[in-house]
Each structure stands twice: as C-alpha cells, then as structure tokens.
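Here is a short briefing on a protein model. Look over the sequence and the fold before reading on.

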Amino acid sequence: MFMDTKVKVDDDTAWAAVERRDRAFDGRFVTGVLTTGIYCRPSCAARHPARPNVRFFADGADARAAGLRACKRCLPDDVGRDEQAVALALKLLSGEEPPRLEELSAQVGYSPAHFSRVFARETGLTPAAYVRGLKAQRAIAAIEQGASVTEAIYEGGFSAPSRFYDAMKEEIPMTPSAWKKGGAGVTIRWAIADTRLGKMLLAATDKGICRLSFDEDESALVRRFPNATLLPGDSGFADLLRQAVAAVDHPQAMPDLPLDVGGTSFQRAVWAELQRIPAGETRSYADIAAAVGKPAAIRAAGSANGANNVAVLIPCHRVIRTDGSLGGYAYGLERKKALLEAESQ
C-alpha cells in the first residue's frame with residue numbers, strides 16, 4: 001500500500017491504471033521508477049517498467065523528496081497546471097462572447113497550438129468545437145421551449161443562419177422522429193407506472209421509446225416535445241410499458257426494446273457502449289471513452305452519459321468513477337445503488 005496518507009489509491013489499482021495508461025488517474029499519484037530515478041504520470045507513453053522497480057507517490061513533491069526527478073516525456077508536474085488551465089478555459093468559453101484560440105491561450109498562459117492539444121486531451125474536443133457544441137445545445141434548448149428557428153439562432157449565439165445549420169449537422173447528424181423540430185408531426189404516447197424505484201414515466205413514438213424517467217409527468221414531455229401530439233398510452237403501448245416496468249424491477253434481465261433517442265454521433269456511440277456492459281458489472285468514464293475510440297474524451301463521455309434520455313434501458317447507472325465511488329445519477333444515488341444491487345444478485 002501507499003505509505004503517504006494523501007494517496008487514496010491502493011497499489012494494485014495504481015499499477016492497473018499504469019498498465020492501461022489511464023489518464024483519469026493523472027494528478028492522483030505519480031509512478032516512481034527506482035532503477036531510472038524518474039517519476040511519471042500514470043498515462044506516460046514510455047515503456048512500462050518492471051513492477052518490482054515501481055513505487056507510487058502522492059505527488060511530484062513526494063517523489064522528489066525520495067530522490068527522483070520528473071520524466072521529460074510526460075512532464076508529470078504539469079498535470080495540475082493543465083487541469084487548472086482547462087478549467088479556466090471552460091469558464092471563459094461558456095460566456096456570451098467566448099474568446100478565440102489566440103486570446104484564450106494567452107489568458108491561460110499557453111501557446112495556441114499547445115493549448116489546443118491540452119484542451120483536446122482533457123475534453124475530447126478542440127476549443128472551437130466545444131463552443132459550437134455549446135451554441136448548438138442552447139439552440140436545441142430554445143427549440144424545445146417552443147422558440148422558432150430564427151429565435152434559436154439568436155439564443156444560441158450564432159452569427160449567421162449558415163453557422164447554425166452547420167453546427168446542427170455536426171451536433172445532430174441523424175435526427176430520429178421524436179427529436180426533430182420538437183416532435184412536430186409525431187405522435188408520442190405516454191404513461192406513468194409504479195415501479196419498485198417509484199413513479200416511472202414512459203413515452204414512445206411509433207419507432208420506439210423516447211423517454212424513460214422518474215419523478216416526471218406530462219409537463220416534462222411538453223417541454224421536450226412542444227410540437228408533438230401527446231396521447232395517453234393505448235392497448236398497443238401497454239405491452240411496451242409492461243416490459244419497461246419489468247426492466248426497472250429486474251434490471252439483471254434487460255429486455256431488448258426499441259428506442260428512438262436522437263443524440264450526436266458521439267453520444268450514440270457512448271450509449272451503445274453502455275448497452276454492452278453486462279448486468280452486474282460496471283465501467284468507469286475512462287473505460288467508456290476508450291471503448292468508443294477516444295480515450296482522452298473522458299469528460300465528454302461523462303457528459304454523454306448524463307445526456308441519456310432513456311434511463312435503465314440505456315444503463316448509464318452502470319458507469320461509476322474510477323475510484324469506485326458511484327458518482328452522480330439524474331434520479332438520485334439511492335436509485336443507482338438499488339439498480340446496481342439488483343443486478344449483482
């Protein structure tokens with residue numbers, strides 16, 4: 001075990017993170033290689049040392065106190081600086097007038113080219129792509145609230161309609177029926193049912209389930225699909241509802257139900273990966289990001305996980321933090337815990 005009480009990761013977990021070069025552990029500890037006298041990030045791309053030659057330290061200061069020096073390849077002492085710079089950049093980019101890359105990098109103390117790489121490594125996106133995504137999300141939210149396209153362009157902060165349409169193509173390259181223009185021209189049937197986790201709302205188009213949530217009512221559907229025709233579930237909907245209730249009550253035996261969920265290409269890739277997690281098992285955000293081919297996009301994977309509109313059926317509850325803690329859940333940690341416990345039986 002680590003000798004320093006500041007470290008909360010046991011040796012086996014730390015070594016496993018080093019073996020898979022897990023960026024999620026960067027900044028939580030450093031890897032000291034006694035034979036070479038250097039210390040590295042867990043994600044260092046250098047050849048792995050032999051396990052007996054490795055000692056783990058809480059941070060660079062502890063490693064230097066033991067006589068080690070920082071790796072010149074992975075620059076472990078820059079981890080905290082990078083994270084702080086990206087955190088500040090996210091705040092600056094979220095404002096009404098986000099700065100361009102040159103101005104942004106100057107404010108966080110990096111060269112433009114280097115910071116673009118740092119930002120992409122931490123978020124999975126370039127600063128420009130992140131801003132486009134934010135604007136598209138604001139526009140989508142405006143449309144869901146009943147705004148016209150013209151109003152959505154203004155709300156999103158786009159300088160011209162062409163930029164709006166380009167961003168929307170990038171953000172939602174494929175738009176299933178229920179997510180197009182707030183559900184215009186689409187009939188959505190819905191019902192609320194009792195489950196062992198409380199009141200469950202289920203809504204579906206002719207193509208599949210577009211919403212499964214808890215503690216919501218018809219008003220939530222009106223906000224999401226302001227232009228859809230909302231009808232109570234009929235006899236054909238009853239079987240879908242029965243199976244959804246069974247999935248909530250017995251998540252270890254997940255049925256294969258049709259879904260109509262929209263989402264960006266990245267979100268759909270994450271959701272598909274969530275559905276591949278076997279019942280009774282969990283994955284970290286880093287695991288999901290790696291599985292979809294973007295190991296650096298850990299935060300983006302977390303955002304996609306949180307954007308899931310179909311609880312349980314797309315099992316976002318099976319994703320936990322790298323340290324083993326539950327993390328968050330839109331419908332409360334007690335529900336997440338109950339789902340995981342049911343699946344482990």
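Predicted model: local features only at pLDDT ≥ 70, side-chain atom pairs only at ≥ 80, totals over all residues.

Residues are numbered from 1 along each chain as its sequence is written, and side-chain values use heavy atoms, with hydrogens and water left out.

**Confidence**
- Mean pLDDT (the predictor's confidence in each residue, from 0 to 100) is 83 for the protein chain, and 86% of its residues reach 70 or more.
- Residues 1–7 fall below 50; beyond near neighbours in sequence, this stretch has 17 contacts in the model (contact: heavy atoms within 4.5 Å).

**Nonpolar cores**
- A nonpolar core is a set of buried Ala, Val, Leu, Ile, Met, Phe, Trp, Tyr and Cys residues joined through side-chain atoms within 4.5 Å; buried means under 20% relative accessible area (1.4 Å probe, protein chains only).
- The largest has 43 residues, and Met200, Ile209 and Phe214 are among those with the most contacts inside it.
- Helix α10 (235–249) is one of the elements that each supply at least two residues of this core; α10 gives the largest share, 7 residues.
- Another core lies apart from it, with 14 residues, including Leu93 and Phe115.

**Sheet**
- Strands (DSSP E runs of at least two residues, numbered from the N terminus) pair if DSSP finds at least two bridges between them.
- An open sheet of 4 strands has the order β3-β1-β2-β4, with mixed pairing.
- β3 (54–57) and β4 (69–70) each have a single partner strand, so one side of each is left without a neighbour in the sheet.
- β1 (residues 30–33) pairs with β3 in the antiparallel sense over 4 bridges.

Methods
Buried < 20%, exposed > 50% of the residue type's maximum accessible area, 1.4 Å probe, protein only.
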